[in-house]
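Good morning, everyone. I will go through one chain today, from its overall form down to a single residue.

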Amino acid sequence: MLTAAKVRQIARALHRAERHRQQIPATTLRHPAMDMDDAYAIQRAWVDIKIAEGAVLTGYKVGLTSKAMQKAMNIDEPDYGTLLDEMFYNNGDTIRAGDFTDPYIEVELAFILKAPLRGEDVSVDDVLDATDYITPALELIAARSYRIDPDSGYTRTVFDTIADNAGNAAVIMGEQRLPPGAVDLRWAGAMLYKNDAVEETGLAAAVLDHPANGIIWVAKRFARHGVGLEPGQVILAGSFTRPVGVKAGDHIRADYGPLGELACQFV
């Protein structure tokens, strides 16, 4: 276990990396014995820094929800990161690519809660009952620590990703508001375009067979610590496409069919 002082030191280093748009070496390169508890402790310390600066906790994102991604990251469960108010963009916004280090886009569904979700026995019906509405969303992920270290070639681990807020950096929210239960969300799909070419397609069933299962997982994870999901929070249930790299000049559009479209332009 890392000491509390070391956790705070690493969180400050990740914060500086974000603020100065300058990537740093992976934490496990210097602390190879760190574990998942250490990683989440660093994430929490980073969130504390942001909140002390005035940011507001707005929700959570769930990641690594597909078996393929879990296998690639040598983990057998999803992970989560924290959403802050300053991370949100709207459909059609222009985004400065240079504000993010090594940015990628993923396709998601966002659940906006109207009631709390707590405990170990949360079900799909409970999630839908607690949801005000569902909307398409794009998650912008970034890497404040190098995915592959340029000097050593070291590849960062899932613990580095979790410490780095599970890769989350921004969210582009759709305008459509789908009532929970209106459609079978397993069959909700999207085509992700970059510069008018299809880069990825997917169905939301890729998220643990139903996107609500991503929210169930994080609710159960928090229940161990007496924490719940709260009304008004935005929960990104998990990506159902491969991450697609973006840079200045790229135009991104996600077509969700009957659920609508959303887009953003990188400059």
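**Overall form**

With 267 residues, a compact globule would have a radius of gyration near 18 Å, and the chain has 18 Å, which agrees. That radius is taken over C-alpha atoms, and the globule rule is 2.2 Å times the number of residues to the power 0.38. This is a predicted model, in which local features need pLDDT of at least 70 and side-chain atom pairs count only at pLDDT 80 or more, while totals for chains, interfaces and linings use all residues. Residues are numbered from 1 along each chain as its sequence is written, and side-chain values use heavy atoms, with hydrogens and water left out.

Along the principal axes, the C-alpha atoms fill a box of roughly 50 × 45 × 35 Å. The chain has seven helices and 13 strands. These are DSSP runs numbered from the N terminus, with helices being H or I of at least four residues and strands E of at least two.

Of the 267 residues, 54% count as buried. Buried means under 20% relative accessible area, exposed over 50%, and partly exposed in between, with a 1.4 Å probe and protein chains only. As for contacts (heavy atoms within 4.5 Å), take those between residues at least 6 apart in sequence: 76% of them join residues at least 24 apart.

**Strand β5**

Now to one strand. How many of the 10 residues of strand β5 are buried? Nine of them are, so β5, residues 104-113, is largely enclosed by the rest of the structure.

Next, its pairings; two strands pair if DSSP finds at least two bridges between them. Strand β11, residues 244-245, pairs with β5 in the antiparallel sense over two bridges; Y104 is partnered by G245 in β11.

**Residue N165**

Last, a residue in a loop. N165 sits between α6 (158-163) and β7 (168-173). Is N165 buried or exposed? It is buried, with a relative accessible area of 1%.

Leaving aside neighbours within four places in sequence, N165 is in contact with Q43, W46, G81, T82, M87 and R144. N165 and R44 are 121 residues apart in sequence, and their C-alpha atoms are 8.5 Å apart in space.
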